[in-house]
Amino acid sequence: QVQLVESGGGLVQPGGSLRLSCAASGSILTINVMGWYRQGPGKERELVARITSGGSTNYADSVKGRFTISRDNAKRSVYLQMNSLKPEDTAVYYCNAEVLSWSGKTDNYWGQGAQVTVSS
């Protein structure tokens, strides 16, 4: 089994910053892609950013230039630095990881979600 534990959500004013963290643990041989998704009120879950084990990144157009994804392979962790936050960034943010386990199987895992609220 693999667990993803997130931290760092909260309430912030427009223009402010937050940093989300996600740490993976369990039966992990290697983690291929790690990413962040979000689901706003009444909306479908959407990709925010993803990063490969080699460090290649992709961002949603709506967050380019404001959010930065990074990872620490040794710590099996992924981070999302969010700057210049807007009210429309309000959502539950979910960590995702594509994990190759010691059993030889590759599966996708999700964190429990972290609430980010941008409001004055």
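Reply: Let us begin with a definition: a salt bridge is a side-chain nitrogen of Lys or Arg within 4 Å of a carboxyl oxygen of Asp or Glu. In this structure, Arg38, Glu46, Arg66 and Asp89 are linked in a network of salt bridges. Please note that this is a predicted model, in which local features need pLDDT of at least 70 and side-chain atom pairs count only at pLDDT 80 or more, while totals for chains, interfaces and linings use all residues. Residues are numbered from 1 along each chain as its sequence is written, and side-chain values use heavy atoms, with hydrogens and water left out.

Me: How many salt bridges are found in the whole structure?

Reply: The search finds 5. In one of them, Glu46 pairs with Arg38, their closest N and O atoms being 2.8 Å apart. Asp61 and Lys64 form another, at 3.1 Å from N to O.

Me: Is Arg38 buried or exposed?

Reply: Buried means under 20% relative accessible area, exposed over 50%, and partly exposed in between (1.4 Å probe, protein chains only). Arg38 has a relative accessible area of 7%, so it is buried.

Me: Where does Arg66 lie?

Reply: Strands (E, at least two residues) and helices (H or I, at least four) are DSSP runs, numbered from the N terminus. Arg66 sits in the loop between strand E6 (57-59) and strand E7 (67-72). With 11% relative accessibility, Arg66 counts as buried. Contact means heavy atoms within 4.5 Å; leaving aside residues up to four places away in sequence, Arg66 touches several residues, including Met82, Ser84 and Asp89.

Me: What ties Cys22 to Cys95?

Reply: A disulfide is a covalent bond between the sulfur atoms of two cysteines; here the cut-off is a pair of cysteine sulfur atoms within 2.5 Å. The structure holds 1 disulfide, in which the sulfur atoms of Cys22 and Cys95 are 2.1 Å apart. Because Cys22 lies in strand E3 and Cys95 in strand E9, the pair ties together parts that are 73 residues apart in sequence. The torsion about the S-S bond is about -80°, so this disulfide is left-handed. Cys22 is buried at 1% relative accessibility, and Cys95 is buried at 0%.

Me: Which residues have the most contacts inside the largest nonpolar core?

Reply: A nonpolar core is a set of buried Ala, Val, Leu, Ile, Met, Phe, Trp, Tyr and Cys residues joined through side-chain atoms within 4.5 Å. The largest one has 31 residues, and Trp36, Leu80, Met82 and Tyr93 have the most contacts inside it. Strand E9 (91-100) gives the largest share of this core, 5 residues.
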